[in-house]
Amino acid sequence: MTEKPPIDVDTLKGNNSFILASNAKFAEEGKETYDPWKHRNILHPLGTMGALFHMIKGSLGSGILAMPVAFKNGGLWTSLVGAIFVGLVYTHCVSILVHCAQVLAMRLKQPHLGFAGIAEAAFHTGPSKCQPYTALAKSCVDGGLFLGYYSCCIVYIVFTASSIKQVVEYNFDLMMDVRLYIFLVTLVVIPIGCIRNLKYLVPFSFLAICALTFSCGFVLYEIFKALPPLSSRPAFKGYSSLPLFFSTMVYAVDGIGTVFPIENSMRKPQTFLGSFGVLNISMIWIVAMYCVMGFFGYLRYGEDTEGSITLNISSSVMGQVVKTMVILNVLCSYGLFLFVPVEIAWRKLEPKVEKSRKTLYYYFMRIVLILGSVVLAAVVPDLEPFVGLVGAICSSTLILFFPPIIEMVTFWEDQAYMGRFRWRIFKNLLIIAMWLCTLITGTHVSFLQIMDLYK
């Protein structure tokens, strides 16, 4: 694992004008512009197809099975337009964040930057009024990423154990406490969670995509067997339930924490952005699958739509196979989602560890985090509402708040980039307003769910 050199604050003085002047000086002297991609020392580089698989798996998970109930909250046609809108906003926010990362890496002459490193670099090199908040920006990004993705790992364990319990009880009539299944799942997640390199997780991402695609294919087969007319479902369900749709959609597409580990590990990172880059292709696939599943799932089952569409399908042999495929999808996704909190924790721990013992401590830390997620899942098997609250806070903040803030801070003094009348500022303020609305409504709904659960 390549160690990132620290930002030299004394040299840079946190001043954008200093960096722009330096780059201009290099250009005048005919010196070669720093290319961060040429300075990346990656032991196991990730190919373009592997990056595409990881990007799809990072955002396309079991949340797709909750799309029909999300569409039930928004209405048939309103939710379709809303899903496309959320997908476009998410793709835009990721693209501006990656663009900022590449620009800041060139300015600071670093081979790569993580999400928290981008926030730190942006505030260090931004306007003088922003520089005192550098440490706070980095800590907020780290905290949001760690809490959000580690919570997903806990939910994945609870979901896997509960699904296995349902399959075993239906086929073998064997009644066991869900906590026993949680500890049995540990035997599988430990070897998957100890995989260190993203390159070796590609087969798991591929298996997860295949399992989920198979499951969605059978669910769609069940859906299309008896579709009612489009006029049988309302186009709009009202403003009171609309926040539920947006909260579910934002949480479902959230994979921003895996973007930079993927982009930083690519053999050809220049193919990540662009019209036919990894980001756009993966998001077209993801949003299309979400829209198809949500639109036709709600059209088929209407107000009887369950929280997971698999609960609506028949309990046939194929129905049981589909549930097994969903379990396989979640298990194969565990290692990718654990990668984010592991990187954050290791960045804090690595400087305090002797060089000769770094490998030992690294794997020990991974096992501790894996066992911690298992213990938390066993202690509180009804953790989903709390994680929904964390998702409403963390996912919306990471997707809709930090990217526009980082873009404004990074290019505040670049008049040409900000455009005529500095229109990018107004665009970013609209995205921040969307974040605030999602944060308030999502938190409110999550609290209501928790209160209903524990009455």
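The dialogue below goes through side-chain features of a predicted model.

Colleague: What conventions apply here, and which pLDDT is needed for local features?

Modeller: This is a predicted model, in which local features need pLDDT of at least 70 and side-chain atom pairs count only at pLDDT 80 or more, while totals for chains, interfaces and linings use all residues. Residues are numbered from 1 along each chain as its sequence is written, and side-chain values use heavy atoms, with hydrogens and water left out.

Colleague: What pLDDT does the chain average?

Modeller: pLDDT is the predictor's confidence in each residue, from 0 to 100. The chain averages 81, and 88% of the residues score at least 70. Over residues 1-31 the pLDDT is below 50, although this stretch has 45 contacts in the model beyond near neighbours in sequence; a contact means heavy atoms within 4.5 Å. Where pLDDT is low, the predicted coordinates should not be read in detail.

Colleague: How many salt bridges does a search of the whole structure find?

Modeller: Side chains of opposite charge can pair when their charged atoms come close. The criterion for a salt bridge is a side-chain nitrogen of Lys or Arg within 4 Å of a carboxyl oxygen of Asp or Glu. The whole structure has 9 of them. One of these joins Arg 347 to Asp 142, at 2.8 Å from N to O. Helices are DSSP runs (H or I, at least four residues), numbered from the N terminus; strands are runs of E of at least two.

Colleague: Are Arg 347 and Asp 142 buried or exposed?

Modeller: The classes use relative accessible area with a 1.4 Å probe and protein chains only: buried is under 20%, exposed is over 50%, and partly exposed is in between. Arg 347 is partly exposed at 32%, and Asp 142 is buried at 5%.

Colleague: Which residue forms a salt bridge with Lys 225, and which with Glu 303?

Modeller: Lys 225 pairs with Glu 222, with 3.5 Å between the closest N and O atoms. Lys 225 is exposed at 52%, whereas Glu 222 is buried at 10%. Glu 303 pairs with Lys 237, where the closest N and O atoms are 3.3 Å apart. Glu 303 sits in the loop between α12 (278-301) and α13, and Lys 237 in the loop between α9 (202-224) and α10 (242-253), so the pair ties together parts that are 66 residues apart in sequence. Lys 237 is partly exposed, at 28%. Shared partners also join salt bridges into one network of Asp 142, Arg 347 and Lys 348.

Colleague: How many aromatic pairs are found?

Modeller: Rings of Phe, Tyr and Trp (its six-membered ring) pair if their centres lie within 6.5 Å; planes under 30 degrees apart are stacked, over 60 edge-to-face, and the rest tilted. There are 17 aromatic pairs in the whole structure. For Phe 295 and Phe 296, the ring centres are 5.1 Å apart and the planes are at 80 degrees, so the pair is edge-to-face. Phe 295 is buried at 8%, and Phe 296 is partly exposed at 23%. The rings of Tyr 362 and Tyr 363 are also edge-to-face, because their planes are at 85 degrees, with centres 5.5 Å apart. Tyr 362 is buried at 0%; Tyr 363 is partly exposed at 31%.

Colleague: Which residue lies over the face of Tyr 362?

Modeller: A charge sits over a ring if NZ of Lys or CZ of Arg is within 6 Å of the ring centre and within 35 degrees of the ring normal. Arg 196 lies over the face of Tyr 362, 3.9 Å from the ring centre. Arg 422 lies over the face of Trp 412, at 4.8 Å from the ring centre.

Colleague: Which residues is Thr 78 in contact with, leaving aside its neighbours within four places in sequence?

Modeller: With those neighbours set aside, Thr 78 contacts Ala 235, Phe 236 and Leu 242. Thr 78 is in helix α5 (residues 76-108) and is partly exposed at 26%. A polar atom of the Thr 78 side chain lies 2.7 Å from the backbone oxygen of Ala 235.

Definitions and conventions. A polar contact is a pair of N or O atoms within 3.5 Å; within protein, one must be able to donate a hydrogen and the other to accept it, and residues adjacent in sequence count only if both atoms are side-chain atoms.
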